[in-house]
Amino acid sequence: MLVLKAINKSYGKRLILKQLSLTVNDGEVLAIVGPSGAGKTTLLRCISGLEPIDSGEIDLNGQPFDPYRNQNQDSVIGVVFQDFQLFPNLNVLENITLAPILALKQPAATAKAKARQLLSRLALADKERLYPYQLSGGQKQRVALARALAMRPQVLCYDEPTSALDPNLRQEVAKMILSLKADGMTQIVVTHDLAFAREIADAVKHVTAL
């Protein structure tokens, strides 16, 4: 269970998050929705450890947890970024295996075997030697998802996963999220798409601009 209590976050004099609290139960999908500028992505960055919170408390499984200071945060909170952030100079297999080998100290053969299992599950088994520029937007997103899952996170976060996707790809994303939910993965989805949020989420948290 992930619990945020009275989180505050500012950039300079601009208050972005004010006394924000939420709970994500194990195996649930929580959607965070709101207009542009409401702080959705900032909240996701705080949860994933990319930004420190100014005050408040984050608990994971009943224990205080600081994702910003955690030395191995990538094995706890995974993120699929809106722009995917794949390494352009690495092929698909290398993008997925780099962090498990370096951060989790997995043997290369083990990391590759697990990566290939993920690629097969995500219908990308024939793409492992391609580079990001050779992939479609939907394929890049699935590679980014495989890369996040390869780190065995307890919680998986998505930043606007349906942004700029056509309706067919939107449904593919929904199926992926619901499939991971069936496996027991705890997930947080930041989105401006309320209809999508209602389709995939157990709970919806609305945030508004301050």
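Trainee: Which residue of strand 4 stands opposite leucine 2?

Mentor: Leucine 2 stands opposite leucine 60 in strand 4. This is a predicted model, in which local features need pLDDT of at least 70, side-chain atom pairs count only at pLDDT 80 or more, and totals for chains, interfaces and linings use all residues. Residues are numbered from 1 along each chain as its sequence is written, and side-chain values use heavy atoms, with hydrogens and water left out.

Trainee: How many bridges hold strand 1 and strand 4 together, and in which sense do they pair?

Mentor: Strands are DSSP runs of E with at least two residues, helices are runs of H or I with at least four, and both are numbered from the N terminus; two strands pair if DSSP finds at least two bridges between them. Here strand 1, residues 2-11, and strand 4 are joined in the antiparallel sense by five bridges, and within this region lysine 5 has glutamate 57 of strand 4 as its bridge partner.

Trainee: What joins strand 1 to strand 2?

Mentor: Seven bridges do, and these two strands also run antiparallel, with isoleucine 7 standing opposite leucine 20 in strand 2. Strand 1 and strand 2 make a hairpin with two residues between them, and glycine 12 in its turn has a positive phi of about 65 degrees.

Trainee: In what order do the strands lie in the sheet?

Mentor: In a regular strand the side chains alternate between the two faces of the sheet. The open sheet in this model is formed by four strands in the order 2-1-4-5, with antiparallel pairing. Strand 2 (14-24) and strand 5 (63-64) are the edge strands, each of which pairs on one side only.

Trainee: Which strands does helix 1 touch?

Mentor: Contact means heavy atoms within 4.5 Å, and by that rule helix 1, residues 40-48, packs on the sheet and touches strand 1, strand 2 and strand 4. The direction of helix 1 makes about 120 degrees with that of strand 1, where axes are lines fitted to C-alpha atoms, for helices over the stretch in contact, and angles run from 0 to 180 degrees between N-to-C directions.

Trainee: Why is helix 1 described as largely enclosed by the rest of the structure?

Mentor: A residue is buried when its relative accessible area is under 20%, exposed when over 50%, and partly exposed in between (1.4 Å probe, protein chains only). Helix 1 is largely enclosed because seven of its nine residues are buried, namely Lys40, Thr42, Leu43, Leu44, Cys46, Ile47 and Ser48.

Trainee: Which residue follows helix 1?

Mentor: Glycine 49 follows helix 1, and its phi is positive, near 90 degrees.
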